[in-house]
Amino acid sequence: MSAGHKTQFWTIARRDSAAGYLFIAPQLAGIVTFVLLPLCLVFWYSLHEWNVLANTFNYTGAQNYRMLLEDPSLPAVLGSTALFSLGLVVLNMSLALLLAVLLNQKLRGIAVFRTLFFSPVVVSLVAWTIVWGFLLQKNGGINGMLLFLGIEGPNWLREPVTAMISVIVVQVFKNVGLNMILFLAALQSVPNELYEAARIDGAPPFKQFRRITLPMISPTILLTSIITIVGSLQVFAQIAVLTQGGPGVSTTVLVYYLYQQAFQFHFFGYGSTLSILLFVIVACLTFAQWQLRKRIVFYEN
Amino acid sequence: MSNRINLKAFAAALAVGLSLAAIGTASAQEAVNLRMTIWSANEAHLKLFNDMAAGFKQSHPNVTVTYESLPFDTYTTALTTQIAGGNAPDMAWIFETTAYDFVNSGALYPLGDKLNAIQGYNLAEVSPGATERWSKGGTLYAYPFSTSPFAVFANNDLIRKAGAKTPDELIKAGEWTWDKAIETASTVGRTGKGGLIIRDFNYQNWQNLAAIWNGFGASPWSEDGKNCTIGDKPMTDALSFIHDAIFKNKAMPGPGENVDFFAGNAAMTITQISRASLLPKQNGFEWDLVPLPKGPAGEYALIGQAGIGVMQSSPHADVAAEFVGYMTNPENSAKLAQFFPSARKSLLNAETLKKTNPLLSQEQLEKVVIAGISNGKVIPGHTGFAQIQQMVRAGLDAVWTPNADIANATQKICGQISPLLKR
Amino acid sequence: MKTELSPRAKVLVYGTMCVLLIPFVFPTWWMVTSSFKPVSDIFAFPPQLIPRSFDFTTYGQVFTLQPFAKQYWNSAYIAAVVTAGTMGISSMAGYAFARIRFPFANAIFMVVLLGLLIPSEVTIVPLFQLFLKLGMVNTHWPLILVPIFGAPSVFATFVMRQFFISLPVELEEAARVDGLSRFKIFTRIALPLARPALASVAIFTFLHSWNLYLEPIVFLSSADKFTLPQALTQFTDAYGGPMWNIQLAAATLTALPVLIVFIIAQKHFVEGLAHTGLKG
């Protein structure tokens with residue numbers, strides 16, 4: 001009778017549950033060990049003053065959080081962070097969309113262009129940034145090309161505005177290929193009948209784009225924008241190689257500031273507090289975008 | 001807290017376990033593995049250090065010393081990350097700028113007594129000026145194994161071609177002053193080549209500008225390190241002078257311009273004499289090495305230092321201290337001196353130096369090296385230097401623009417760093 | 001919008017694309033050509049598009065200054081292992097989140113998604129301590145384990161889940177009626193259909209691992225264990241002064257093979273990416 005009992009216990013639902021847990025077990029264990037546990041520890045550190053060199057680790061309660069509110073550099077850092085992320089997302093998304101639309105044309109040799117536009121994605125990030133560091137020097141390649149056109153270029157990495165533009169642009173050229181391909185796929189999945197109907201109605205191309213293309217690819221736009229924003233808040237190597245946060249603090253974004261406080265100034269406690277702040281910002285932004293999706297994004301069904 | 005201690009014990013146990021496994025013998029004496037973090041990955045340097053480790057092993061067969069080369073740029077960061085993670089090395093090289101941090105924090109094992117106890121070590125012959133930064137309360141915490149004077153390298157071919165006076169000519173005429181030096185640099189700079197380069201400055205490492213402003217009697221903060229003097233007249237004078245040299249006279253490469261002296265593209269560079277090894281071996285140019293020019297405040301010299309410290313947290317700190325003593329004893333110091341100039345008086349004579357610096361003439365050695373090491377001030381440093389460095393760098397960016405308001409910018413910097421200096 | 005363009009429009013599209021291409025192609029071109037130039041020509045102004053002379057000795061020096069071949073191998077094998085591991089772990093988890101009903105599935109998925117939101121800088125110190133405890137500092141384990149199981153794999157899981165959601169259920173339903181177990185349905189039916197999504201996961205994961213910069217700096221300390229991005233910043237003289245042309249030669253060596261592989265396989269690359277199921 002035990003066999004019968006067994007079948008009763010292992011109902012389809014139960015068997016499914018067990019399978020589900022088994023399937024996600026490795027990932028979940030990894031998240032707990034490598035994400036949640038470290039995150040809790042970071043929060044724990046943020047309640048301490050931790051002097052690495054003297055090997056002291058003292059509980060200070062909310063001291064670091066008070067420091068956060070009073071930190072004179074923080075407003076500027078948050079400002080740079082917002083500027084960087086905003087600039088990056090806007091430029092990345094619009095360039096990606098433009099390239100995708102161009103590449104969506106039926107033209108000979110289009111695959112060659114697609115490959116070339118995508119190629120920086122596969123170049124190693126550090127190599128790419130090092131090369132741009134050379135090119136953006138006052139007497140570097142970019143200004144050399146501008147001179148060819150009769151323009152005297154600015155000192156890109158040494159003036160606050162152009163330095164910010166530089167770090168954004170370098171990052172955009174590196175990664176825009178990814179979004180470009182995702183948009184291209186979305187564009188190609190828009191049913192052709194919709195355009196034909198619009199053409200019969202006599203709608204001009206721009207109107208077609210606004211009325212049909214944009215709504216149809218809006219789910220892709222949302223997802224790529226979330227990924228791009230979250231990614232923009234984690235940009236580190238580019239700033240470390242190109243500007244070291246300067247000139248002044250004009251390109252010191254939150255991640256770089258966090259790195260400075262924790263690893264360069266050795267304030268691991270305060271650095272942990274900044275980590276928590278960064279985490280809260282990313283979480284809020286993602287939540288907000290996710291909420292937005294319900295209102296803006298168009299779904300076929 | 002207890003968690004961290006367990007961690008350390010665990011790491012220690014692990015280290016011992018690994019070393020035992022590696023040796024694989026049932027040696028009665030405990031095997032000791034020592035690790036030293038360094039910022040050089042140069043083969044010749046490493047060969048010398050490994051020879052020293054082998055030499056030490058002869059008298060201490062159970063001790064194995066390994067060297068870990070960390071990237072120069074991020075050296076201190078990588079080192080503190082190791083320490084924070086509970087994986088501190090047993091010994092570490094320390095930059096002069098961060099020396100105060102390490103010495104004052106209690107992270108280092110007191111070396112002084114240990115070194116004095118070594119027969120024939122003769123710590124007394126190292127000048128007090130050289131050990132000042134590495135001591136606290138009369139005890140030496142790290143040994144300054146490299147004391148390297150800053151000097152001017154000149155490309156005489158380039159200078160003559162531009163029709164300017166070479167440093168040597170100026171010295172002979174008794175006119176080797178900052179004004180004249182900038183004149184020469186400016187003449188070359190206007191031909192499209194580089195004028196004078198403060199090597200490694202790059203508008204980031206402003207402390208290297210001490211090579212100029214010390215000649216103006218300027219310093220970033222008071223002797224005791226408590227008060228900001230960047231806004232004082234000597235410093236603003238010096239910064240105005242440098243500003244003019246860059247933006248008016250084209251005597252120094254501006255921000256974002258890269259010129260390499262050692263590739264033959266600039267008239268002069270100020271750097272530590274150890275960089276003589278970078279001079280081109282083929283297709284070279286006629287070069288010269290001269291002391292820093294005279295400033296408005298008179299003659300002066302500047303030195304850069306590097307120290308070796310033993311970590312207090314090392315389970316074998318005493319053995320590590322012995323090794324540092326062996327590595328820097330008079331005999332080995334002489335060997336080190338071919339790469340890292342020694343502050344030992346017995347090694348500070350032209351004959352000894354000539355052996356290890358074949359590129360330099362007797363006169364250059366005397367005027368630049370010996371005089372520099374004996375009289376030089378060490379480049380600025382402070383407790384919490386990384387943060388101060390960063391703030392001053394950010395503040396000075398306002399100075400490195402063509403129409404800078406230097407008085408205003410320097411006042412602002414002092415306003416920002418004063419609380420840090422007093423801490 | 002797939003209509004034949006007028007000749008004028010064609011010229012316009014080609015022209016726009018050619019201009020836009022400059023910033024995408026010029027850096028790579030400059031990197032490759034400058035690696036042959038003597039240092040003094042790297043900073044020549046205006047820059048030389050074609051080197052005056054070709055000096056190949058820099059490429060030899062890349063290998064003598066560092067164990068570059070070993071470092072190349074390190075980067076390659078780590079990226080390969082991470083890619084394979086992530087494909088396995090993430091397709092399983094993604095499938096479960098998309099298809100299998102089990103208690104708290106959504107809550108757990110939210111927890112897993114947290115991984116997407118945490119920059120690696122945030123958790124690097126605790127992770128360093130963890131791996132130190134495990135005796136894995138200065139080994140490749142942290143660079144393998146964390147990406148496969150930790151935060152970086154979450155994106156892959158997300159992509160796989162989105163893909164499986166978009167897959168028609170009917171095929172699997174039939175298999176279930178035939179009495180196939182979940183695991184068999186997964187390996188025999190779902191996974192083969194997921195090839196495009198797996199391809200994109202593979203690309204993302206490989207590139208992520210290949211580009212990893214902060215983690216190797218923190219976890220690795222001996223040159224023969226370094227990965228390529230870390231090694232690239234190590235081409236300096238004894239005093240930290242950069243050796244520009246050698247650095248560029250090394251940068252070229254890290255970029256070119258991947259670029260070539262990409263150009264050969266670009267069709268699969270791009271199609272894989274296009275099928276990520278990132279359609280909302």
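Predicted model: local features only at pLDDT ≥ 70, side-chain atom pairs only at ≥ 80, totals over all residues.
How much of the chain is helix over residues 104-132 of chain C, and how far apart are the end C-alpha atoms?

View 1. Over residues 104-132, chain C is 76% helix and 0% strand, with 34 Å between the end C-alpha atoms. Residues 244-265 of chain C are 100% helix and 0% strand, and there the end C-alpha atoms lie 32 Å apart.

**View 2. Chain C as a whole.** Here you can follow 14 helices and zero strands. The C-alpha atoms fill a box of roughly 70 × 65 × 30 Å along the principal axes. Of the 280 residues in chain C, 60% are buried. Its accessible surface is about 11,300 Å², and carbon and sulfur atoms account for 70% of that.

**View 3. C:Phe164 and its neighbours.** C:Phe164 belongs to the largest nonpolar core, which has 250 residues, and is among the four that touch the most other members, together with A:Phe117, B:Trp93 and B:Tyr143. Leaving aside residues up to four places away in sequence, C:Phe164 touches C:Ser91, C:Gly94, C:Tyr95, C:Ala98, C:Arg99, C:Phe186, C:Ala190 and C:Ala194. Another core, of 58 residues, lies apart from this one and includes B:Ile212 and B:Met252.

**View 4. A nonpolar patch on the surface of chain C.** Look for C:Phe56 in the loop between α2 (39-42) and α3 (57-65) of chain C. C:Phe56 counts as exposed because its relative accessibility is 55%, and the cut-off for exposed is over 50%.

Conventions: Residues numbered from 1 in each chain as written. Chains lettered and ligands numbered in written order. Heavy atoms only, no water. Core = buried A, V, L, I, M, F, W, Y, C linked by side-chain atoms within 4.5 Å. Buried < 20%, exposed > 50% of the residue type's maximum accessible area, 1.4 Å probe, protein only. Contact = heavy atoms within 4.5 Å. Helix = DSSP H or I, 4+ residues; strand = E, 2+ residues; numbered from the N terminus. Patch = residues over 30% accessible without salt bridge, like charges linked within 9 Å, V, L, I, M, F, W, Y side chains within 5 Å. Areas by Shrake-Rupley, 256 points an atom, 1.4 Å probe, with all protein chains shown as cover. Salt bridge = Lys/Arg side-chain N within 4 Å of Asp/Glu carboxyl O.
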